[in-house]
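Thanks for coming. I will go through one structure, starting with its core and then turning to a loop.

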Amino acid sequence: MAILEARAAEQVVEACVRTESVRKCVFTSSLLACVWRQSYPHHRRRFPAIIDESCWSDESFCRDNKLWFALGKTMAEKAAWRAARGRDLKLVTICPALVTGPGFRRRNSTPSIAYLKGAHAMLAEGLLATADVERVAEAHVRVYEAMSGGGAAGGRYICYDHVVRRGEEFAELQRQLGLPITGVAAASRPGYSDDGDVGGDGRFALCNGKLARLVSSRRRCTYDVYYPASYD
C-alpha cells in the first residue's frame, strides 16, 4: 500500500504538470513523514532535538517497525517532490498531525487508527500531536494564497495545534476512536512521572513556526483589506 500511495502521488503531480491551467499544487502529506527516526540516548543523539520541515522519517526504520502508514506518507511526499522537480509546477506540502474535530475521528477512524501505530513511542518523545480539521483547511488556503501572491510560500509546512503530553489525553484519543484504553506504555521510559505527564530532557520538540508566521502574515493582510483600523 505504501508503494501504491507513492505511485498515486507521482501520478497526481504528473497530471498537474500536464494540465496547462494548473501551475500550483498544495500536497497533503503528514507529520508522520517527519518524526520517525532511530532513537539514541540523549548524549549520543545524531538528530536535532527540534523537529521541523527539514526532518524526514527514516524509511528503513518505518519498514523495520511496520509503521506502514508513516512509510506510505513519507514515500508519497518524496515521490511528489521528485515528480515536480524541474517542472513548470510550484509544489508545496503540508504535514498535518493527527486530524481532529467534532466527530471527525469517528467518521475517519481508519486513517486515525493507522496514524496512532507507535503512538506510545511518539507520546514518550513529545511527538504525538493533533491538528483541528479547520486549522488544517485554513493552512491549505493560506499557503495557496501565499503561493499566488508573489510566491512567498514554498517547501514543506508542519501543521499542528496541540501536543499530547499526558496519559489521560492519549486515553481520550483512544476512547473517541473506540479503541481499547491501553494506558501509557511509556511509563517505564526515562522522563515519565507518576502524575501522567510524559516529559524529560531527552524529548524532541515539534516546531510549526514556519506555518504560524505565514498564516499570521496572511491574516494581517486580510484584516488590512476588510477591517481597516480607525485612527479617529
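Which residues have the most contacts inside the largest nonpolar core? They are Val35 and Leu128, in a core of 51 residues. Before going on: this is a predicted model, where local features need pLDDT of at least 70 and side-chain atom pairs count only at pLDDT 80 or more, while totals for chains, interfaces and linings use all residues. Residues are numbered from 1 along each chain as its sequence is written, and side-chain values use heavy atoms, with hydrogens and water left out.

A nonpolar core here is a set of buried Ala, Val, Leu, Ile, Met, Phe, Trp, Tyr and Cys residues joined through side-chain atoms within 4.5 Å. Buried means under 20% relative accessible area, using a 1.4 Å probe and protein chains only.

Back to the 51-residue core. Helix H8, residues 133-148, gives the most to this core, with five residues. Helices are DSSP runs of H or I with at least four residues, strands are E runs of at least two, and both are numbered from the N terminus. There is also a second, separate core of 12 residues, including Val13 and Leu89.

Now the loop between strand E1 (24-28) and helix H2 (32-35), where serine 29 sits. Leucine 31 is in the loop between E1 and H2 too. Serine 29 is buried at 5% relative accessible area, and leucine 31 is buried at 0%.

What does leucine 31 touch, not counting residues up to four places away in sequence? Its contacts, meaning heavy atoms within 4.5 Å, include Cys95, Tyr115 and Leu206.

Note on methods
Buried means under 20% relative accessible area, exposed over 50%, partly exposed in between (1.4 Å probe, protein chains only).
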